[in-house]
Each structure stands twice: as structure tokens, then as C-alpha cells.
Amino acid sequence: MSKLARVTLPQALGYRGGQPMIAWLLHRISAIGIVLFVSMHVFAAFFLYATTGGSTNAIANGLTNFYESLPVQIFVLFCVLYHATNGLRIVILDMWPGLHRFNHEAMWVQWALFLPMFILPAFLMIAGVKLG
């Protein structure tokens, strides 16, 4: 039998993962966000086109109004861009295993690419700028 660790609750619950753990967690959260958005979109389309009138039309309109709201659109933008840039970083490191020693530098490059790609469109969305 193993000995019991003498660790306080704050020590046990304290975060010790560092930057790679945050990247892993954000990658999972962004994937869940993408799945939820696509699911809402499919359900709204189903309720709108597969049935006629009644409460299903209200459900479709409610879902559509929700996922077309500005906070949800900005969250979806974050999810798609973060998931794509982090996934690209992971693919590059997996394709060339010798680059794993530069994992932290690759994360900083990922953030340097992600932040402008996210902040500029999010700012334009908030400002209400219509392009095209």
C-alpha cells in the first residue's frame, strides 16, 4: 500500500500545468464550442425546414437569434481560429519530431499569429463595420 500524501486542499487543487496544459484545455474548449455551434445550426435548420409553423418555428427562431448574437459570434470566431492555429502547431510538431524541443517557442508563434487574426475581426464585429 502507498503512503498517504500530506497535502492540503489548496495544494492539491493548485494549477501546475503551465502553458502546454492551458493550450490543451483551450483546444478542447474550442472544439466543444465548434460542435455546439454546428449542432445549434443544424437543429435550427431542421426545425425551420422540416416542420411547418407552431412551436418548432419558435424553437428555430430562438436558436437562430441565439447563435447570431454578437457574443456567440465572437466566441465562435475565437473557437475556430484558436482550434485551427493550435491544431496547425500540433501538426507541424508531429510532422517534424525534432521540433518538439521548441514547443514553447512554437506556442508563442501560435499566439503571435492568433491574436491579430482574432482581435481585428472581433473589433470590427463589435464596431459594427460591414465589409462587402
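**Helix packing and aromatic pairs**

Helix α4 (residues 70-95) packs with α5 at an angle of about 155°, and their axes are 10 Å apart. The model is predicted. An angle over 145 degrees counts as roughly antiparallel, and α4 and α5 are therefore roughly antiparallel to each other. Their crossing is right-handed. On the α4 side, the contact is made by Leu 70, Gln 73, Ile 74, Leu 77, Phe 78, Leu 81, Tyr 82, Thr 85, Asn 86, Arg 89 and Leu 93. On the α5 side, the contact is made by Asn 103, Ala 106, Met 107, Gln 110, Trp 111, Phe 114, Met 117, Phe 118, Pro 121, Ala 122, Met 125 and Ile 126. By class, the residues of the contact of α4 with α5 divide into 17 nonpolar, 5 polar and 1 charged.

Leu 77 is found in helix α4. Leaving aside neighbours within four places in sequence, Leu 77 is in contact with Phe 118, Pro 121, Ala 122 and Met 125. Leu 77 and Leu 48 are 29 residues apart in sequence. Their C-alpha atoms are 25 Å apart in space. Thr 85 also lies in helix α4. Its relative accessibility is 12%, so Thr 85 counts as buried. With neighbours within four places in sequence left aside, Thr 85 is in contact with Gln 110, Phe 114 and Met 117.

The loop between α4 and α5 holds His 100. This residue has 41% relative accessibility and therefore counts as partly exposed. Beyond neighbours within four places in sequence, His 100 is in contact with Leu 93 and Asp 94. The C-alpha atoms of His 100 and Ile 90 are separated by 9.6 Å. These two residues are 10 residues apart along the chain.

Helix α5 (residues 103-127) also packs with helix α2 (residues 18-49). The angle is about 50°, and the axes are 10 Å apart. That angle makes α2 oblique to α5. The crossing of α2 and α5 is left-handed. From α2, the contact is made by Gln 19, Pro 20, Ala 23 and Leu 26. From α5, Asn 103, His 104, Met 107, Trp 108 and Trp 111 take part. The contact of α2 with α5 has 6 nonpolar and 3 polar residues, and no charged residues. Asn 103, Met 107 and Trp 111 of α5 are listed in the contact with α2 and also in the contact with α4.

Aromatic pairs were examined next. The structure holds 9 aromatic pairs. Phe 37 and Tyr 67 form an aromatic pair that is edge-to-face. The separation is 5.5 Å centre to centre, with 85° between the planes. Phe 37 lies in helix α2 and Tyr 67 in helix α3 (residues 54-67), so the pair ties together parts that are 30 residues apart in sequence. Both Phe 37 and Tyr 67 are buried.

Ring pairs also link Phe 78, Tyr 82, Trp 111, Phe 114 and Phe 118 into a cluster. Phe 78 and Tyr 82 belong to the α4 side of the contact with α5. Trp 111, Phe 114 and Phe 118 belong to the α5 side.

Note on methods
Residues are numbered from 1 along each chain as its sequence is written. This is a predicted model: local features need pLDDT of at least 70, side-chain atom pairs count only at pLDDT 80 or more; totals for chains, interfaces and linings use all residues. Side-chain values use heavy atoms; hydrogens and water are left out. Axes are lines fitted to C-alpha atoms, for helices over the stretch in contact, and angles run from 0 to 180 degrees between N-to-C directions. Helices (H or I, at least four residues) and strands (E, at least two) are DSSP runs, numbered from the N terminus. Angles under 35 degrees count as roughly parallel, over 145 as roughly antiparallel, 65 to 115 as roughly perpendicular and the rest as oblique. A crossing is left-handed if the near helix is turned anticlockwise from the far one by less than a right angle, and right-handed if clockwise. Contact means heavy atoms within 4.5 Å. Ala, Val, Leu, Ile, Met, Phe, Trp, Tyr, Cys and Pro count as nonpolar, Asp, Glu, Lys and Arg as charged, and the others, Gly among them, as polar. Rings of Phe, Tyr and Trp (its six-membered ring) pair if their centres lie within 6.5 Å; planes under 30 degrees apart count as stacked, over 60 as edge-to-face and the rest as tilted. Buried means under 20% relative accessible area, exposed over 50%, partly exposed in between (1.4 Å probe, protein chains only).
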